[in-house]
Amino acid sequence: MCSRPLVIRCEKHPTIHAPLFEGRAIILKMDTPTNHPKGAALAEPVSKPAYRKAAFLTSAAKVSQCPEDIGWEVAFAGRSNAGKSSAINSLTQNHKLARTSKTPGRTQLINFFTVGEQQRIVDLPGYGYAKVPQKLKQDWTKQMEAYLQERQSLRGLILLSDCRHPLQPFDQQMLTWAAEADMPVHMLLTKCDKLSKGAGKQTLLKVRNSVAPLGELVTCQLFSALKHTGHGELIATLDQWLTDTSVFDDDSEEADLAP
């Protein structure tokens, strides 16, 4: 069942609510995302990402330590026990790529993995589970906010939510931010192997109905890292975002309108 937390209204989509987060709400604004240096030209068609060839690039404790902000990125976000690292490892078929822990929430860094030429997937710090000092949690939150707000190569967000407890406060906050920033979100309802097929379909339907006011901005699917199910739908979404050249078309239109 979807929870009913303390909420505030989203300005762009008044039927979507977001709960307070550590006493305040995350409503992040960002410029229209870009995926290339100013004035750059697209030399040739963008190749599809090679997920099985994914490789660790770097980790960043601060946004200032992130790789150069060019190309395409898709970030994986979710509560610490939602299975982010497991989903990335399942997607890439490399169980050692993203570090997993028996104690959820130990990932304290923004981790970058390359899946192609200037194409990256990003594992964001999990939230809300690890038994760590409050100040450290606040630092994680600050850096994640900064990444989501400032990262211009970010093309979409994969939001992971345990299908047995979907749309928790953190999930709703991220959806509210996405609505404000016009950032597409693809929800992975993880651990669907824990439910029967019938219960899984019912959960998916309920979540889709809940996010329906956001229209095409948010899509949802069932996913199991353990059973490696749901890869096709996830890869289709990632391929679309990580090869998106619409920003180049926008620049061309601006150039045509220039005096």
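The side chains of Glu 73 and Arg 120 meet in a salt bridge, with 2.7 Å from N to O; the term stands for a side-chain nitrogen of Lys or Arg within 4 Å of a carboxyl oxygen of Asp or Glu. The two residues are 47 apart in the chain, Glu 73 in strand S4 and Arg 120 in strand S6. Glu 73 is buried, at a relative accessible area of 0%, and Arg 120 counts as buried too, at 6%. Here buried means under 20% relative accessible area, exposed means over 50%, and partly exposed lies in between, for a 1.4 Å probe and protein chains only. Glu 73 and Arg 120 also belong to a network of salt bridges that links them with Asp 69 and Arg 151.

Before we go on, a word on the model: it is predicted, so local features need pLDDT of at least 70 and side-chain atom pairs count only at pLDDT 80 or more, while totals for chains, interfaces and linings use all residues. Residues are numbered from 1 along each chain as its sequence is written, and side-chain values use heavy atoms, leaving out hydrogens and water.

Let's step back to the fold. The protein chain has six helices and nine strands, taken as DSSP runs (helices H or I, at least four residues; strands E, at least two) and numbered from the N terminus. Seven strands form an open sheet with mixed pairing, in the order S3-S5-S6-S4-S7-S8-S9; strands pair if DSSP finds at least two bridges between them. At the edges stand S3 (55–60) and S9 (218–222), each with a single partner strand, so one side of each has no neighbour in the sheet. On average, neighbouring strands are turned by 25 degrees against each other, direction ignored. Five bridges join S3 to S5 (residues 110–116), and the two run antiparallel. In this pairing, Phe 56 stands opposite Phe 113 in S5.

Helix H1 (residues 84–92) lies across S4, S6 and S7, running at about 150 degrees to S6. Helix H4 (residues 197–211) touches S8 and S9, and its direction makes about 170 degrees with that of S9. Such angles run from 0 to 180 degrees between N-to-C directions, with axes fitted to C-alpha atoms, for helices over the stretch in contact. Contact means heavy atoms within 4.5 Å.

Now look inside. The largest nonpolar core has 38 residues, where a core is a set of buried Ala, Val, Leu, Ile, Met, Phe, Trp, Tyr and Cys residues joined through side-chain atoms within 4.5 Å. Helix H3 gives the largest share of this core, seven residues. Tyr 147 is one of the residues with the most contacts inside the core. Beyond its neighbours within four places in sequence, the contacts of Tyr 147 include Glu 73, Ala 75, Phe 112 and Leu 154, which brings us back to the Glu 73 of the opening salt bridge. Another core, of 22 residues, lies apart and includes Tyr 51, Phe 113, Phe 223 and Trp 241.

One more salt bridge is worth a visit: Asp 244 and Arg 155 have their closest N and O atoms 2.4 Å apart. Asp 244 lies in the loop between helices H5 and H6 and Arg 155 in S7, so the pair ties together parts 89 residues apart in sequence. Asp 244 counts as partly exposed at 22% relative accessibility, whereas Arg 155 counts as buried at 11%.
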